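Please look over the pockets, salt bridges and backbone features of this protein. A short report on them is set out after the structure.

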Amino acid sequence: METDLYKHKGMRRGLVQHLRQKGIRDERVLAAIDAVPRHFFFDKAFVEQAYQDKAFPIGEGQTISQPYTVAFQTEMLRLRPTDKVLEIGTGSGYQCCVLLQITPNVYTIEYNKPLYEKARRFFARYGLKPNTFHGDGSEGLPMHAPYDKIIVTAGAPVVPRSLLKQLNVGGILVIPVGNESSQKMLRITRTTETEFEQEAFDDFKFVPLLGREGWDAGA
């Protein structure tokens, strides 16, 4: 098991200060970033890169997201400790660990089987207990719906209708939508059973959301 040394905690404090300077204001989000040892997700040879504000390859053509992106999306969710959250795209498990610092009610689904298995082993090793699933996240996780918050950590060509249906009234979906080279971050709030309010934020670049309501995995 990895160790979290004083030097790692110091680098994390520096990262938190950097995120604060970039505009992250939610203290619970900053505290969550400070609490999760990001170097646990890196091979020992790359520990120094763990606290840089950069994305990093994790295999299977995927990346661990840039810390600013993780903080930005988490802040946009307006998370409360009682929220039931669905994460689309478990990936390395880092974003999930940040969510778990704020609410224990996290469901996470991963399309890629090797990454799913690796994340499950990681969670078990550190005694973390999100509800993990392997499958097509573009269709959500209807058997456990509805959710107060849904976060999508891959770029979608359009907003999946299935995800909108699985939101509680008053619930929030945060999702990057666009083409395969750039996506606009959207926050969609379900205001009534039939009405949604959409806000658009900065441009980002995510790996593609694969699945029936995302990009065709065979394309």
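This is a predicted model: local features need pLDDT of at least 70, side-chain atom pairs count only at pLDDT 80 or more; totals for chains, interfaces and linings use all residues.

## The largest pocket

The largest pocket holds about 520 Å³ of space. Its lining is made up of 33 residues, and those closest to the centre are Gln-62, Thr-63, Thr-153, Ala-154 and Val-207. Two or more lining residues come from each of strand S2 (62–64), helix H3 (67–77), strand S3 (85–88), helix H4 (94–100) and strand S4 (106–110).

Strand S2 provides the largest share of this lining, with three residues. By residue type, the lining of the largest pocket has 15 nonpolar, 14 polar and four charged residues.

## The second largest pocket

For the second largest pocket the volume is about 360 Å³. Its lining has 18 residues; Phe-40, Phe-41, Phe-42, Asp-43 and Lys-118 lie nearest the centre. Strand S1 (56–59) and helix H5 (113–125) are the elements that give two or more residues to this lining.

Helix H5 gives six residues, the largest share of the lining of the second largest pocket. The lining of this pocket divides into 10 nonpolar, two polar and six charged residues.

Side chains of opposite charge can pair when their charged atoms come close. Over the whole structure, 11 salt bridges are found. One of them pairs the side chains of Glu-27 and Arg-20, with an N to O distance of 2.7 Å. Glu-27 counts as partly exposed because its relative accessibility is 48%. Arg-20, at 30% relative accessibility, is also classed as partly exposed.

A salt bridge also joins the side chains of Asp-53 and Lys-22, at 3.1 Å from N to O. This pair links distant parts of the chain, 31 residues apart: Asp-53 is in the loop between helix H2 (27–35) and S1, and Lys-22 is in the loop between helix H1 (6–21) and H2. The relative accessibility of Asp-53 is 16%, so Asp-53 counts as buried, the cut-off being under 20%. Lys-22 has a relative accessible area of 36% and is therefore partly exposed.

Lys-149 and Asp-83 form a salt bridge in which the closest N and O atoms are 2.7 Å apart. The two residues are 66 apart in the chain and link distant parts of it, with Lys-149 in strand S6 (residues 147–152) and Asp-83 in the loop between H3 and S3. Lys-149 and Asp-83 are both buried.

Arg-80 belongs to the network as well: salt bridges with shared partners join Arg-80, Asp-83 and Lys-149.

## Backbone features

Which peptide bond is cis, with omega near 5°? The bond in question runs from Ala-145 to Pro-146. Pro-146 is located in the loop between strand S5 (131–134) and S6.

Arg-78 is a residue other than glycine with a positive phi, near 55°. Arg-78 sits in the loop between H3 and S3. With a relative accessible area of 46%, Arg-78 is classed as partly exposed, because exposed requires over 50% and buried requires under 20%.

How values were computed:
Residues are numbered from 1 along each chain as its sequence is written. Side-chain values use heavy atoms; hydrogens and water are left out. On a 1 Å grid over the protein atoms alone, a cavity is a set of points where a 1.4 Å probe fits but cannot get out, and a pocket is an open set with protein on both sides within 12 Å along at least five of seven lines; lining residues have an atom within 4 Å of a point. Grid points are joined across faces, edges and corners, and a volume is the space filled by probe spheres set on the points. Helices (H or I, at least four residues) and strands (E, at least two) are DSSP runs, numbered from the N terminus. Ala, Val, Leu, Ile, Met, Phe, Trp, Tyr, Cys and Pro count as nonpolar, Asp, Glu, Lys and Arg as charged, and the others, Gly among them, as polar. A salt bridge is a side-chain nitrogen of Lys or Arg within 4 Å of a carboxyl oxygen of Asp or Glu. Buried means under 20% relative accessible area, exposed over 50%, partly exposed in between (1.4 Å probe, protein chains only).
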